[in-house]
Amino acid sequence: MALDRSSLDHKLHRLTVRYDELRDILAGAIDPGSFAKLSKEFSDLEPIVGAIGELNAARDEIANLAQMITDNSDAELKAMAEEEFLSLKDRIPLLERAVQVMLLPKDAADDKNAILEVRAGTGGEEAALFAADLYRMYQRYADQHGWRFETMNISEGSAGGFKEATAEISGRSVFARLKFESGVHRVQRVPATETQGRIHTSAATVAVLPEAEEVDIQIEDKDLRIDVYRSSGPGGQSVNTTDSAVRLTHLPTGLVVIQQDEKSQHKNKAKALKVLRARLYDRERQALDDARAADRKSQVGTGDRSERIRTYNFPQGRVTDHRINLTLYKIEKVMAGEALDEIIEALIAEDQAAKLADIE
C-alpha cells in the first residue's frame, strides 16, 4: 500500500530540512572534495523540494478556500471559492503522486548511456530485415531526443538485413528511457519476396545494456582471450587486408564479443571491451534482480531476454505491447521513432505505479 499522509509528510519535511542544511553548507567555506558530493545531493533534492513546495502551497490554498466557503455570505464569492476548491481537490492527489514518484528508489543505471544490441531471430532473411528496421527505429528515436547514436558493429544478411547490430547511445537518461525495450519483438507482414501475399511471422531480439565504466566492472587481462583476424563483409567478402578484427572471449563466463568495423585493431579492441563490460554489468544487475524475488512483481515484464514483449502487425497497422496490453494503430509513426515515446511513457508509468503500490 502507498505511504499514508502522516508518513509522507514526515518524509517530505525531512527532505526540506536537509535541502536547507545543504544550501547553508554550500554557501560557506567547504573543501573541494566535499563540495562536489554535497553539490550533487543538493541538485538531486532541488526538483523534489520544488514539487514539495508546490504541494504545500496547494494544500494551504485549499484550506483557505474551505474557510472562505464557511465564512462567506456573498453567494457569488462563495460559488467562486467552491469552484476553485473542487479544482484543487482533484489536483492535490496528482501532486502527491508526482512527489511520491520522485521519492521512489532510483535505478543506479538510469543516468547511464546504453549499448543497444539487435539480433535477428526466427524467420530467416525476413527476421534480418526486421532487425534492421528495429535498429533504424532506435536510431531515429535517438536523433529525435538529441542523443548520439554510434554504430559499433553490423553483421549483414544476404538480403540487406542485419543478422546482428550493435550501437552505443549517449545522452541524457538514455538507459532510463530504453531499458524496457529488451526482449523479443515479433513482426507480422508480407515479405517483399512473397509472391502469394501470405503474411509471415518472424522475430528479432533487442537487448539494451547500461554502459559500464571501468569502476563498475574491472576485467583482468588473465580472464581474456584475444583473437585477431582479417575483417570480412557480407558473404565472407574481405574488406580489410590487415588483421584488425578482434574477438574477445571472457574465460570465466564464456561471453564472446566480435568487433570489426574499425580499420584499427586498437579501436576494435576498445569497442569490444566496452560491449563486454556492458554485458558483464548487465549480468550482475540481472543476478541482483533475480535475488530480489519480491521486487519482481514491481517490474514491467520479467527482464528475460527471451520474453516476447511486442508485436508489430503491418497489415493491420498496429503495434501491441503485451506487458501492458497497449495497442497503437500508428505503426509507421512507431517505426519512424515518432510514436515510440507513447509506448515508453506508458511502460514507465506502469512501472512507477507498481512500485508505488509496493511501498509500505
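Predicted model: local features only at pLDDT ≥ 70, side-chain atom pairs only at ≥ 80, totals over all residues.

Modeller: I begin with a pair away from the surface: glutamate 181 is buried, and arginine 310 is buried as well, where buried stands for under 20% relative accessible area, exposed for over 50%, and partly exposed for what lies in between (1.4 Å probe, protein chains only). These two residues form a salt bridge whose closest N and O atoms are 2.7 Å apart, a salt bridge being a side-chain nitrogen of Lys or Arg within 4 Å of a carboxyl oxygen of Asp or Glu. The pair links distant parts of the chain, since glutamate 181 sits in the loop between α5 (174–178) and β4 (183–189) while arginine 310 belongs to strand β9 (residues 308–313), 129 residues apart; helices (H or I, at least four residues) and strands (E, at least two) are DSSP runs, numbered from the N terminus.

Residues are numbered from 1 along each chain as its sequence is written, and side-chain values use heavy atoms, with hydrogens and water left out.

Searching the whole structure gives 27 salt bridges. One of them joins the side chains of glutamate 164 and arginine 119, at 3.5 Å from N to O. Because glutamate 164 lies in strand β3 (residues 162–170) and arginine 119 in strand β1 (residues 114–120), this pair ties together parts that are 45 residues apart in sequence. With a relative accessibility of 27%, glutamate 164 counts as partly exposed, and arginine 119, at 28%, also counts as partly exposed. Both residues belong to a network of salt bridges that links Glu117, Arg119, Glu164 and Arg279.

A further salt bridge is formed by lysine 271 with glutamate 262, the closest N and O atoms lying 2.8 Å apart. Here the two partners fall into separate accessibility classes: lysine 271 counts as buried because its relative accessibility is 11%, whereas glutamate 262 is partly exposed, its relative accessible area being 22%.

To return to the opening pair, glutamate 181 and arginine 310 are both buried, while in the pair of glutamate 164 and arginine 119 the glutamate is partly exposed and so is the arginine.
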